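Hi,

Here's the structure I said I'd pass on.

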Amino acid sequence: MNLLKQISVNKNLKKPVIYGVSGLELTDEEKIFFKESGCVGFILFARNIQDKKQLRKLVASLKELMEGDLLVLIDQEGGRVARMKEPHWSKYPTGKYFADKYLVDKELAGQEIYDNFVKIAQDLTEVGINVNCAPLLDVSCEITHDVIGDRAYGDNVEQITHLAKEVCHGLLDNEVYPVIKHIPGHGRGACDSHLELPRVSASLGDLKEIDFAVFKNFAEQKFAMTAHILYDAIDSENCATNSAKMIDIIRSEIGFKNILMTDDLSMKALKGSFEDRTRNAINAGCDLILHCNGDMTEMRQINSGLDLISDKLLEKFN
């Protein structure tokens with residue numbers, strides 16, 4: 001796949017940020033803002049999707065606006081996290097479906113999840129989407145919040161690695177980049193980071209042995225998404241997205257050297273202005289800002305919070 005190299009030479013992509021879009025088509029205000037801000041891509045949600053014809057038209061309009069290739073993301077995991085829905089697209093199983101299947105027949109589960117994500121990738125490429133925010137590498141445990149719940153592929157490193165590798169292969173074999181998430185692990189989060197900041201008290205040893213170990217097996221992937229979770233053993237003041245200490249561990253201990261994307265900056269686990277949220281994430285070591293809700297006021301704050309640091313990002317696209 002050479003999409004990232006193509007993006008790296010698109011002179012209209014100036015700032016390392018992915019934005020959401022408000023509706024089924026771009027507004028005049030969005031066209032002006034996105035063109036001027038020079039974002040590197042967009043993320044789509046159910047509010048942006050009516051049917052195949054409309055979605056293809058929207059994605060084509062994004063590429064036309066930015067005059068070339070760019071990142072077009074979606075969350076299409078299957079189960080309850082699926083932005084493209086029936087009757088226009090097939091309904092796909094949850095992560096738990098494959099986790100349960102794995103306990104009966106590992107090889108069959110691996111083949112089924114590969115086939116599943118081949119079909120998902122084909123759905124995406126048909127409408128011009130080139131990045132899927134999957135697979136989940138979060139390790140389930142007794143306190144895992146329902147926000148992860150049945151999305152997870154299991155409760156142990158070997159099982160999650162086996163299944164998630166097939167997810168990545170199914171996507172990449174069909175020209176879609178996976179995004180591993182939520183690095184360094186959301187499984188120990190006992191609350192929903194969309195609503196509040198989860199705090200994890202596990203020891204560094206336990207985190208290395210279980211949570212970090214899964215992500216270590218995927219260090220070669222091009223994209224990873226951070227967890228808005230605070231890990232007391234590493235940084236008792238900042239969540240992973242804003243923690244230089246944690247991102248150093250992600251780079252060194254886990255070994256992920258490629259494009260590190262924040263989870264959505266509009267989630268309530270984060271505090272402060274959107275300028276501050278942006279600067280905090282970039283200063284901690286994130287490469288790419290993600291903002292999902294399409295709110296123009298928030299996006300303008302993020303844009304003003306970003307310096308022209310695209311060189312740092314775009315060199316990782318090659």
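Ile183 sits opposite Thr226 of strand E9. That puts us where strand E7 (residues 177-183) and E9 pair, in the parallel sense and over 4 bridges; two strands count as paired if DSSP finds at least two bridges between them. Helices (H or I, at least four residues) and strands (E, at least two) are DSSP runs, numbered from the N terminus.

Before you go further: this is a predicted model, with local features needing pLDDT of at least 70 and side-chain atom pairs counting only at pLDDT 80 or more, while totals for chains, interfaces and linings use all residues. Residues are numbered from 1 along each chain as its sequence is written, and side-chain values use heavy atoms, leaving out hydrogens and water.

E9 also runs parallel to strand E11 (residues 259-261), joined to it by 3 bridges. There, Phe223 has Ile259 as its bridge partner. Within E9 (residues 223-226), Phe223 and Met225 point one way, Ala224 and Thr226 the other. All are buried, i.e. under 20% relative accessible area with a 1.4 Å probe, protein chains only.

Now the helices. H9 (residues 274-284) and H10 (residues 296-305) pack at about 45°, axes 7 Å apart. The axes are lines fitted to C-alpha atoms over the stretch in contact, with angles running from 0 to 180 degrees between N-to-C directions. The contact (heavy atoms within 4.5 Å) involves Phe274, Glu275, Thr278 and Arg279 of H9, plus Glu298, Gln301, Ile302, Ser304 and Gly305 of H10.

Cheers

Technical notes
Buried means under 20% relative accessible area, exposed over 50%, partly exposed in between (1.4 Å probe, protein chains only).
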